[in-house]
Amino acid sequence: MSAIGQVDAAAAGMNAERLKRIPAYFDSYIQKRKLPCCAALVARGGQVAHLSFQGATEMGGSKPIGEDTIYRIYSMTKPVTSVAAMMLFEEGALRLDHEVFRYIPEFQDVMVHGQDGKLRKPDRPMMVRDLFLHTSGLSYSFLQQGPVDALYRERGLEHFAWKGDLKSFCEALAQAPLVFSPGERWNYSNSTDVLGRIVEVASGMSLDEFFRKRIFGPLGMKDTFFSVPEDKIERLMACYSRNPLNGEIKQSDPGGKASVYARMPNVLSGGGGLASTIGDYFRFCLMLAGGGELEGVRILSPKTLEFMTMNHLPGGKTLKDMGDKTFSESRMDGSGFGLGWAVTTDVVATTQPGSVGTFSWGGMASTFFWIDPVEDLIAIQMTQLMPSGAYPIRPQLQQLVYGAIEE
């Protein structure tokens, strides 16, 4: 029996036969060994209208995925960290217009790598809001778009490889130059890792403790961790990576006790460190869709959630306007950015059915969620294949989901 619970699709204003197109469509990905698996959840009005599990915990394996399967959600950690920071914002423990150096002093002297190759002072300090928005000027080593990314790789500035803790990782980031002056552009980056450190400083708790006590425990998210406990580690499936040049797919991290997730990481990455189940992440999404409340437990105020889901990019710009050459976990056309996720500002420009105000984000291993407040819709997709842009499975799922709405 499903622990998530499911209603007749018609009761949620959806067509059951059309929802069956979801597993039918993604079956070819699994049969051709393009994906190890695919899990999909679709809910309206908080009621699950569709829940499907296809494939196995290993590519071509015999153990099927299910409700208890644990996935690396990578950058779907970012919305959790953003919620944590806004909880502290509501308590007055931090402000969006505070300089980052108030919490991490090393950022007071950060420099910008100019187009001429010389270092210069930023036009303005990096603000806390820049960390939510990825307008901080920070970067990621894997982007490989310029000298700053190369310097990150040279210095080992990757959360999964760093030998120290989150504090020392953020201090080391402050010693590297910025790609641009804060607020100038949008660049996917370690910004949310730095925001996670601010959560630690402002709360006096480690990030995992804050998540556990203030978010996961209250919301009943029992299977979401930075490190999967020994009694649950066998539920963690394998993860794969696809070579973009030749299409070859290899295992990047095994499931079970051999996984890196069997051990606590050095850096508690608020930008990409969590593993979770589809049911746990659904509870998190239900809280967001419910204006910050789930089953009588309030995490955030409805006005705070409303504020977080507005487009905060300057002048109402889109991701395409501010970061047209940069990697993103969301389509850049027609998308602005709120406090922790992409926000749809122009449905036509996205080339997908949807609604203005829909907010979404995904993870490096092709996990994805979106929440459409107009349709009272939540959808979540889980699999384990890097990079997330290997196949267009996210827009394909969106086509199938919106095509099943009847009222």
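**Figure 1. Helix 6 and its buried residues.** In helix 6 (residues 166-175), the buried residues are Leu166, Phe169, Cys170, Ala172, Leu173 and Ala174. Here "buried" stands for a relative accessible area under 20%, "exposed" for one over 50%, and "partly exposed" for anything in between, with a 1.4 Å probe and protein chains only. Helices are DSSP runs of H or I with at least four residues, strands are E runs with at least two, and both are numbered from the N terminus. A quick word on the model: it is predicted, so local features need pLDDT of at least 70 and side-chain atom pairs count only at pLDDT 80 or more, while totals for chains, interfaces and linings use all residues. Residues are numbered from 1 along each chain as its sequence is written, and side-chain values use heavy atoms, with hydrogens and water left out.

**Figure 2. The whole chain, for orientation.** The protein chain carries 13 helices and 16 strands. Its radius of gyration is 20 Å, close to the 22 Å that the globule rule gives for 407 residues, so the chain is as compact as a globular protein of that length. (That radius is taken over C-alpha atoms, and the rule is 2.2 Å times the number of residues to the power 0.38.) Along the principal axes, the C-alpha atoms fill a box of roughly 60 × 45 × 40 Å. Of the 407 residues, 56% count as buried. Among contacts (heavy atoms within 4.5 Å) with a separation of 6 or more, 68% come from residues 24 or more positions apart.

Figure 3. The 3 strands run in the order 7-6-16, with mixed pairing. Strand 7 (249-253) and strand 16 (385-386) are the edges, each with a single partner strand, so one side of each has no neighbour in the sheet. Two strands count as paired if DSSP finds at least two bridges between them. Strand 6 (residues 239-242) pairs with strand 16 in the parallel sense over 2 bridges, and Tyr240 has Leu385 as its bridge partner in strand 16. Towards strand 7, strand 6 runs antiparallel, joined by 4 bridges. Look for Arg242 opposite Ile249 in strand 7. Strands 6 and 7 form a hairpin with 6 residues between them, and Gly247 in the turn has a positive phi of about 75°.

**Figure 4. Met59, a loop residue that touches two strands of that sheet.** Met59 belongs to the loop between strand 2 (47-55) and strand 3 (71-74). Its relative accessibility is 17%, which counts as buried. Leaving out residues up to four places away in sequence, Met59 touches Arg33, Lys34, Leu35, Pro36, Tyr240 and Ile249. The C-alpha atoms of Met59 and Cys239 are separated by 9.0 Å, although the two residues are 180 residues apart along the chain.

**Figure 5. Ile278 and its surroundings.** Ile278 is in helix 9 (residues 278-289). With 0% relative accessibility, Ile278 counts as buried. Beyond neighbours within four places in sequence, Ile278 is in contact with Ile4, Ala39, Ala40, Leu41, Phe53, Tyr71, Ile380 and Met382.

Figure 6. For background, most residues other than glycine have a negative phi, and most peptide bonds are trans. Met386 and Pro387 are joined by a cis peptide bond, with omega about -5°. Pro387 lies in the loop between strand 16 and helix 13 (393-402). His134, not a glycine, has a positive phi near 60°. You'll find His134 in the loop between helix 4 (128-133) and helix 5 (147-155), buried at a relative accessible area of 2%. Ser366 is another non-glycine residue with a positive phi, near 75°. Ser366 sits in the loop between strand 13 (359-362) and strand 14 (368-372), and at 2% relative accessibility Ser366 counts as buried.
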